[in-house]
Structure formats: C-alpha cells, structure tokens
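Subject: Structure handover

Hello,

Here is the structure for you to look at. Please open it and keep it beside this email as you read.

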Amino acid sequence: MNKHFFYFLALFVLVFSACKEEQSEFNLDDVEQTATVRGNVKYNAGADASSSDYRIEVYKAAEGRKVFLDVALKDYLVGSGTGDIKTYEAVIDADGNFEIQFPSVVNGVGVTLRLEEFVAPFQVFDKMEEGSPVFKSQLKRYTTPVTYLTSLGKLKPNETINEEDVKYKIDDFDLEGYDKSVNLTGTVFMAYESAYRTGEYRAAANQNVEIKVDYSASGLSEPVIFGATTDANGNIKTGMPVKSYKDGFIIQSLKILGSANDEFTHYNAEASVKLKGAYATKSAEGVTAYTTFSDLIEGVDVNFGKQYLPFTPNYNYSGLPSQNKPETWADNLAGWLVDKNTNLAKYTESVTITGSSKLPVESAYAVGTYGGGVHTIELTIQYAFPINTQTVLAATDANGNFSVSIPVEKTTSAYTLTLSNPYEKTTYEHYKTASEKIELTGNYSLRAKIEPDNKKWYQLGDNYYQFNPSASVETYSTDLAGWLKIKGYDKTALVSGKIYEAVESGYLTGTYAPAAGRRIGIAIPYGGSIGNQTLFVPVGTDGTYSVTIPIQNDGDEFTLTTANISPNYKTKDYRHYNAGGKNDTRILAGTYSLNTNIKSADAKWNELGDIYYRFTPDVLPTTFEQNLAGWVKKAGFNGSANVEGALKFATESGFRQGIYSNAAYQKVSITHESTIYVGATKADGTFSIPVLLKFNGMESNISSWGFPTLNVKNYEHYAIPGTDNKEILEGSYSGYLTDKPASASWNQLGTRYCKFYPTGSPVNWSDNLPGWLKVAGATKTVSIKGNVKKAYQKKDGGTWKASWTNDANRMATVTLNGIPYDVVSNSSGAFSFSLPVTTLPASYTVTVTPVNDVNNVSFIHHEDPSKDAQTTIYGKFTSAGNISNKTVSASGTNNDEFDITKASSPESSAKMTFNPISIPDGWSSYTWNTNNDD
C-alpha cells in the first residue's frame with residue numbers, strides 16, 4: 001500500500017421489504033402523529049497519523065454514512081400478524097448527528113436501528129524511525145453493533161429516543177494478495193448555477209470521493225469502494241491495490257461521499273434560493289461507467305478522465321425520483337450539456353452561440369416596445385451521430401440578449417441550431433385603456449428575425465416575437481408601432497398629426513375634442529415584399545400623436561393621405577343631448593369614422609395635419625344630427641362668421657288671443673356654399689350658427705334656412721269663450737313669414753314666424769287671430785276697437801221697450817279691407833286688437849260679423865210692456881248684419897287708432913237680434929232699431 005491517505009469501502013446493498021398496502025389496506029400517510037429517533041454516530045479510525053500527539057484511537061464522525069430505521073408495520077395494524085417493515089433513512093452530518101421522524105400510534109411502534117456498513121483504513125503504530133512514529137494502514141469493516149440490531153422498543157406519539165454515543169463495531173478485513181499498486185488520477189467536477197438558467201461545472205475542491213471498483217477479473221466477487229480526497233482543483237491521485245497488472249480493475253462509478261447538500265444556490269428570474277439535495281452521477285454507473293483499466297504498467301499512472309456530477313434537488317436517498325423540485329428547476333442547462341451524453345466528453349473545444357430573444361411588452365396604452373426582462377430560451381443543437389440532437393436551456397439578460405457556450409468537436413465545426421418560441425411566460429400585461437391593465441394568457445410566436453449579413457452558424461440574430469392571446473380581446477393588437485422590425489430599415493422617420501373626434505357640448509351643439517385615450521392606425525405603404533404595414537399608436541391628451549417608423553435611407557418619403565388612417569373605432573361612451581334647456585342626455589354606442597383631414601399646403605409628407613372623426617350611433621335616435629355646424633370642417637376655409645336670427649312659434653295666451661312665443665331649443669338648418677350647417681335656438685328663440693368662410697370679413701349668402709316640419713302633441717288651445725278651458729292638440733309648425741330688415745347684413749337672417757296647423761277640426765279653432773298677423777318690414781301698428789251688443793227689453797219710465805246691451809264673450813269676425821280677423825268680445829262687449837303696418841292708413845272698410853248662437857238660449861220677455869210681469873222664452877241671437885262695408889276713419893291722435901264705435905254712421909256697435917223659437921204674445925210691441933245705440 002502507498003502512504004497516501006485513502007480508505008476502502010465495501011459495497012453495501014440495502015434490501016428491505018415493501019409495504020404491501022393492498023393487503024393491509026393501510027396508508028401511513030393517514031397517520032398524523034410522529035415519534036423521533038435521533039443520535040450521534042462515530043467510528044474508530046485508529047491512530048492519528050497526522051498529529052504530533054500520537055493518539056492511538058481517534059473517533060471520527062461517520063459523515064455521509066446512512067442510518068436506517070426499520071419500522072414494524074404490524075404495530076399499526078394490531079393483531080394482523082404481518083411481518084412487513086417500512087424503512088426510513090437519514091444521512092449523518094459533519095458532526096455525526098442524525099434525526100429520523102416516523103408515524104406513530106397510541107400503542108407505540110417498534111423500531112430497529114441499523115447503520116450503513118463500510119470498509120475504511122485503520123491506522124496503527126508500526127515502529128519508530130529516527131525519533132518519529134511510523135504508521136501503517138489496516139483495512140477494517142465497520143458494521144452495526146449487535147445491540148442496535150435489536151429493537152429499540154416501542155415509541156409512542158411525540159416520544160423521542162436519543163442515542164448520544166453510537167459507535168460502529170470493527171471487524172478485520174483483508175485484501176489478501178492485492179499487494180501491487182498503481183496510482184489512479186482524474187478530475188471531478190460538480191454542477192452549480194452562476195445565474196438564472198446558467199449552469200456550469202466547477203472543480204470539486206477538497207471533496208471526499210467514493211470510487212466503486214470491480215475486481216472480478218482478479219477473482220474477487222464483491223466490488224470494493226475506494227475513497228480519496230480531491231485537491232483544490234478537483235484532482236485525485238490515489239494508490240489503487242491490484243492483484244495483477246494484467247487483470248487490473250474496472251471503475252463502476254464515482255460519487256462524492258456525503259453528497260447531501262443544503263447549500264446549492266439556485267436562481268430564479270428575480271432572486272436566488274438555497275436548495276437541499278445531493279450530488280450524484282446521472283445513473284448508478286455514471287459517465288465513466290465500467291471503464292476498464294487492464295494491462296497496467298508498474299509505476300505508470302492510470303487516468304479516469306473527467307467525471308461530471310449533476311445536482312439533484314431534494315434528493316430522495318431511498319433511490320426514488322427527486323420530489324418537489326422548484327418550479328424553475330431545469331436539468332438541461334446549456335452549461336451542463338457535457339454530462340448528458342458520454343460522447344460529449346470528447347468535445348473539448350467550445351463555441352459561443354449569440355443572439356437575442358425580444359418579447360413584446362406594452363409600456364403604456366397602445367405603446368409597444370420590446371423587452372420582457374430575463375427569460376428562458378430553449379436551444380436545439382443537431383449534433384452528428386452518435387451524440388444526436390441535444391436541447392438545452394439558457395437565460396437572456398434584461399434586454400433579451402443571450403450568449404450560450406456549447407461543446408464542439410472543433411471550433412471549425414458547424415451545427416444546425418433551432419431557437420424555440422418562448423414558452424416560459426404565458427401571461428401578458430395589456431393596457432385596455434390608459435389607466436386600466438388586464439392580464440392575458442396565451443403564447444408567443446416569431447414575428448421577425450433579423451440576422452447579420454454573412455452570419456456565422458452560431459449567430460442567431462435578433463428574434464422578435466408577438467404575443468397571441470388565448471381568447472380574442474377587442475382592445476388588443478399585434479401591430480403596435482414599436483413592434484415593427486424590418487431588416488435593413490435601420491433609420492427612422494417621425495409621422496405626426498392631431499386627431500379630433502366629434503362630441504356634443506349641448507343640444508344640437510357640436511364641437512371637436514382631442515381624441516385622448518384613443519388608438520389609431522397608420523398604414524405605411526412600404527410596397528414590395530414588405531407591403532403595407534399598419535402601425536397603431538395612442539393619441540395624447542391634446543389629440544397629438546406621433547409614430548416613429550423604420551425607413552431604409554435618410555430622406556425616404558411615403559405618400560400618406562386619409563386613406564392611410566385607420567381604422568374606424570368603436571365607443572360605448574358617447575354623450576348625446578336629447579333636448580335643450582335641461583340635462584336630458586343619454587349614452588350611445590357607435591363608431592367613429594374618418595371625416596375630414598385639414599393640413600396646410602406646404603405640409604411635409606409625414607405631417608398629416610388635423611384629422612376629424614365623425615360619430616355614427618349603432619341605433620340612430622331621432623334627435624341625432626350628423627351636420628352640426630361645429631362639426632363642419634373644410635380645407636382652405638380659414639375664416640368664419642356667425643349667422644344669426646330668431647324663431648317664433650304661434651301660441652295662444654287666451655281664447656282667440658294669438659301671440660308669438662320664443663321657439664326655444666329648436667333645430668335650425670342653414671345651407672351656405674352648398675354646405676349644410678345645423679344648430680339650435682336658445683331659450684329666447686334666437687340662434688347664432690357659425691359657418692366657414694375662406695377669409696374672415698368676406699361677405700357671402702345663405703341660400704336657404706329653416707327647420708324641419710315640427711310635429712307636436714302638446715299644443716294648448718283655448719276652446720271655450722270666457723273660460724280657461726284648454727284642449728291639447730296635435731299638429732305641426734311650419735314657417736309662413738320671415739321678417740328681415742332691409743338693412744340687415746348677409747348673415748343677419750331676421751325673425752321667422754311659424755304657424756300651427758292642427759290635426760282635424762278643433763272646437764272654435766281659427767287661423768285668423770290678429771296676433772298672428774306679421775307684415776314684413778312693418779314698423780308701425782294700428783289699433784282696432786269696437787263693440788258687440790245684443791237685444792234686450794229695458795224699462796223706461798214704467799214702460800218696457802226694445803233696447804241693446806253689451807254682448808260679452810261673443811265671437812266675431814272683423815273684416816278690414818277684405819281681410820278677416822277673428823276676435824271675441826270681453827265682459828263689456830268690447831273687442832280690440834292691434835295690427836302691424838308699414839304705413840298708417842287713412843281709413844278701413846269694415847265689416848263686423850258676430851257669430852250666431854248655435855244652441856237656444858233664454859230671453860226675459862214682458863208680454864205687456866206696461867207691466868213688470870215677465871216670462872222666459874227661448875231662441876237664438878243672430879247677427880243683424882248692421883256693420884257691413886262701413887268706412888271707418890282714423891280717430892287716434894297719431895292716426896293709428898280705428899274705433900268703430902266712433903264711426904260716422906249711427907250703428908257704431910255690431911248688433912245681435914233675438915229670434916224666438918215661437919213668437920210670444922206682445923212680441924210685436926217691441927221694435928229693435930239697429931241704428932240706435934244705448
């Protein structure tokens with residue numbers, strides 16, 4: 001044996017009975033309470049050859065060795081008689097401690113403790129040479145003391161057994177005949193992570209390594225485990241006993257002794273965590289499985305090469321697969337590729353694969369950029385046989401760039417590389433509006449790939465991806481401006497303009513507001529294989545937008561018109577005013593569509609000017625109007641003027657009392673320069689509607705103006721003389737006269753008077769009320785006065801005689817110069833009205849026609865004029881027709897009054913005679929003279 005420190009370990013094989021739950025119908029997972037066995041285990045390594053105190057016996061912690069606890073299943077199933085056991089295990093730590101918890105029940109569970117057997121060198125004092133001790137190694141087999149092969153007893157829930165000083169039993173062990181030796185060399189590497197998705201191997205510095213050796217060629221039936229300690233560079237150089245240089249030995253596997261580890265640093269995208277686990281070969285044999293060393297030469301070292309030991313998180317020491325790996329854990333990191341295929345160990349050179357994986361993100365509403373932060377890429381390398389295709393994972397930096405080193409046979413070798421679409425991130429933050437974000441789920445697909453000219457096989461270029469939501473989202477688009485990438489188009493141009501959308505500020509009052517919070521598309525006609533590219537951009541709070549587009553050369557220009565602006569966009573929040581004078585609004589859904597583009601003649605190709613959008617409701621209200629004056633925009637019209645006027649509606653203030661009221665909040669339509677402008681009157685019936693002019697101060701003309709025939713259902717008509725009884729009528733208004741002063745400017749439209757036309761024949765309806773007469777240009781008025789009297793019998797000096805009295809509430813028609821006016825007498829029998837005139841007339845030809853009674857009325861009659869006895873008779877009052885075509889001259893101070901009662905003829909009052917149903921006695925005694933007035 002050489003004097004290097006090494007030790008020998010015998011193969012330990014653990015065999016235990018499986019729990020046959022199909023027989024017991026019992027599941028240990030259902031047992032909630034536990035008991036605990038803990039302890040400290042040491043073994044006697046012999047004398048301390050490295051110390052000057054020459055201790056004869058040195059006890060060391062059995063670090064890395066396993067402890068087994070056999071639990072009797074019969075104690076869980078009382079009376080079952082089963083002999084099955086369940087084995088739990090733990091690994092002894094650096095201080096020799098272990099702890100095992102197991103399920104327990106109220107009657108207790110019997111347990112047995114076992115230790116992992118091993119063979120190791122035992123140092124003994126040999127002799128003194130030149131005043132110093134000389135030690136030699138003897139092989140010893142370390143086994144479980146007999147006392148621990150017996151039951152520790154039964155442990156009940158929450159009970160703990162502490163075995164503070166467990167010492168291995170020592171038996172002699174000898175490799176008789178293995179008196180030759182050869183040095184075994186090699187290097188051991190351990191996996192680690194240096195960053196997220198970045199795996200590497202580092203030298204396993206100062207680690208205890210177990211080497212399982214097969215001596216079957218020399219006649220030894222059991223494998224022997226040799227131990228050695230690596231230096232700071234992970235190198236091993238240890239003497240290996242051999243029986244025959246020709247037969248040599250076979251290395252079955254190589255692993256780190258005490259490979260349990262809870263200090264492995266694992267990185268996720270945001271931070272790092274510490275993992276518990278183990279370093280072990282990928283399989284029982286590992287990369288160097290069954291490497292045969294034979295026909296050895298004495299004094300010549302043998303080398304097992306490089307051994308790469310991967311890390312297994314949460315390693316299960318029973319040999320079952322690893323449990324509860326972190327979600328972000330991956331075994332196939334690029335830096336760990338060397339341990340995936342035994343043939344790659346021969347690929348001693350490397351090449352670095354570069355490129356970028358750019359994920360789309362939204363930095364604000366309708367603002368697209370690339371980033372996505374650190375994320376995983378999956379790279380497939382098509383090696384040649386026998387390595388075949390290998391897939392590895394790596395990570396990008398915060399900008400999406402990646403650099404992946406892979407082993408190659410030679411630096412001149414070339415392989416086919418495939419970069420998979422990103423799959424790790426399946427959620428995406430989308431701005432529905434400027435202030436509302438939602439999370440979408442979906443996947444990524446390649447949008448554009450830009451590779452360098454004359455690229456090398458390992459240069460994957462810039463890979464730009466788009467996100468595809470799992471479900472359709474109305475506000476989501478893959479064509480945000482910042483996401484367009486075209487190879488060779490490395491320069492940029494700025495396209496800008498303003499977007500306005502039609503809104504209502506009041507009833508039939510339109511204006512434009514900046515289309516803040518909207519998103520518009522601009523189609524750039526690249527042509528050729530690129531075609532048209534529609535880029536979506538957000539509109540700012542002031543209506544401005546700008547989009548940087550890629551161009552090939554400085555000075556490149558495109559032809560952009562309103563045809564390049566798209567698309568129409570939907571809205572559900574348009575506020576429409578149903579009526580004026582009150583807060584009567586409703587919210588409409590509909591579509592905004594392109595209407596007008598206004599830009600200066602010297603605007604550059606990329607200056608799109610002011611673009612105006614018009615709104616169309618999904619369901620058109622009858623009160624909605626598209627041609628509101630404030631929405632009219634015309635290129636080249638830089639001036640404006642307000643067209644003003646007033647609108648009056650005929651109404652009644654009493655029975656046969658016609659007036660004109662202010663037509664408040666009525667639609668007015670103006671045609672100017674072949675363009676229709678729509679507005680509304682104010683509360684006082686006036687309107688002021690802006691129209692466009694080419695220049696301020698220009699005179700123009702209004703070809704027409706008016707309002708649509710207005711149907712109403714609430715006209716108040718006074719139906720009965722002498723009462724306030726009203727009849728609610730349906731009908732329509734239409735204009736009959738516009739009064740515009742001769743001196744009015746072109747934009748002063750004057751006042752339009754509109755009459756009401758009822759449906760059907762209302763009671764006592766008349767269109768000829770004097771108050772409804774309007775004369776264009778009239779500057780003066782005349783007053784017409786008169787009386788209506790009716791017959792009655794009057795006592796005079798003790799005798800009843802025929803006479804006249806005031807006829808109150810009598811409807812009459814007063815015809816002046818052939819024009820009829822319908823009036824009613826007041827309680828005194830008088831009537832009066834005014835008429836507008838342009839000049840004061842000297843006289844009128846007058847006819848007054850009172851309306852005859854329709855129904856019989858009562859009359860007080862005295863049959864004997866000399867007596868007061870009276871009777872009531874019935875009949876009708878009818879017009880005497882006594883004022884017919886009479887000339888009435890002006891009687892007022894200013895020649896503006898015509899009082900029929902002051903006419904030159906004696907019949908100054910219109911008379912109503914009484915016609916009895918039958919002539920009573922004494923009726924002939926009364927003679928009513930229509931020429932007489934009382």
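Predicted model: local features only at pLDDT ≥ 70, side-chain atom pairs only at ≥ 80, totals over all residues.

Residues are numbered from 1 along each chain as its sequence is written, and side-chain values use heavy atoms, with hydrogens and water left out.

**Cores**

Start with the largest nonpolar core, which has 43 residues. A nonpolar core is a set of buried Ala, Val, Leu, Ile, Met, Phe, Trp, Tyr and Cys residues joined through side-chain atoms within 4.5 Å. Buried means under 20% relative accessible area, exposed over 50%, and partly exposed in between (1.4 Å probe, protein chains only). Tyr545 and Ile549 have the most contacts inside this core. Among the elements that give it two or more residues are strand E33 (491-506), strand E37 (544-551) and strand E45 (675-680). Strands (E, at least two residues) and helices (H or I, at least four) are DSSP runs, numbered from the N terminus. There is also a second, separate core of 41 residues. Phe189, Ala191, Val224 and Ile251 are included in that second core.

Next, find the open sheet of 3 strands, in the order E27-E26-E29. The pairing is antiparallel. Two strands pair if DSSP finds at least two bridges between them. Which strands sit at the edges? They are strand E27 (389-395) and strand E29 (416-419), and each pairs on one side only. Neighbouring strands are turned by 25° against each other on average, direction ignored. The axes behind that angle are lines fitted to C-alpha atoms, for helices over the stretch in contact, and angles run from 0 to 180 degrees between N-to-C directions. Strand E26 (residues 376-382) is joined to E27 by 7 bridges. Thr376 stands opposite Ala395 in E27.

**Aromatic rings**

How many aromatic pairs does a search of the whole structure find? The count is 51. Rings of Phe, Tyr and Trp (its six-membered ring) pair if their centres lie within 6.5 Å; planes under 30 degrees apart count as stacked, over 60 as edge-to-face and the rest as tilted. Take Phe467 and Tyr476: the ring centres are 6.4 Å apart and the planes stand at 85°, so this pair is edge-to-face. Phe467 is buried, at 0% relative accessibility. Tyr476 is buried too, with a relative accessible area of 12%.

Tyr660 and Tyr753 are also edge-to-face, because their planes are at 70°, with centres 4.9 Å apart. Tyr660 lies in strand E43 (residues 657-662) and Tyr753 in strand E50 (residues 748-758), so the pair ties together parts 93 residues apart in sequence. Tyr660 is buried at 15%, and Tyr753 is buried at 11%. Look as well for one aromatic cluster, whose members include Tyr569, Tyr592 and Trp631.

**Two single residues**

Ser908 lies in the loop between strand E60 (897-899) and strand E61 (910-916). Is Ser908 buried or exposed? Ser908 counts as buried, at 10% relative accessibility. Its side chain makes a polar contact of 2.4 Å with that of Asp933. A polar contact is a pair of N or O atoms within 3.5 Å; within protein, one must be able to donate a hydrogen and the other to accept it, and residues adjacent in sequence count only if both atoms are side-chain atoms.

Gly654 is in strand E42 (residues 639-654). Gly654 is buried, at 10% relative accessibility. The C-alpha atoms of Gly654 and Thr723 are 8.6 Å apart, and the two residues are 69 residues apart along the chain.

Best wishes
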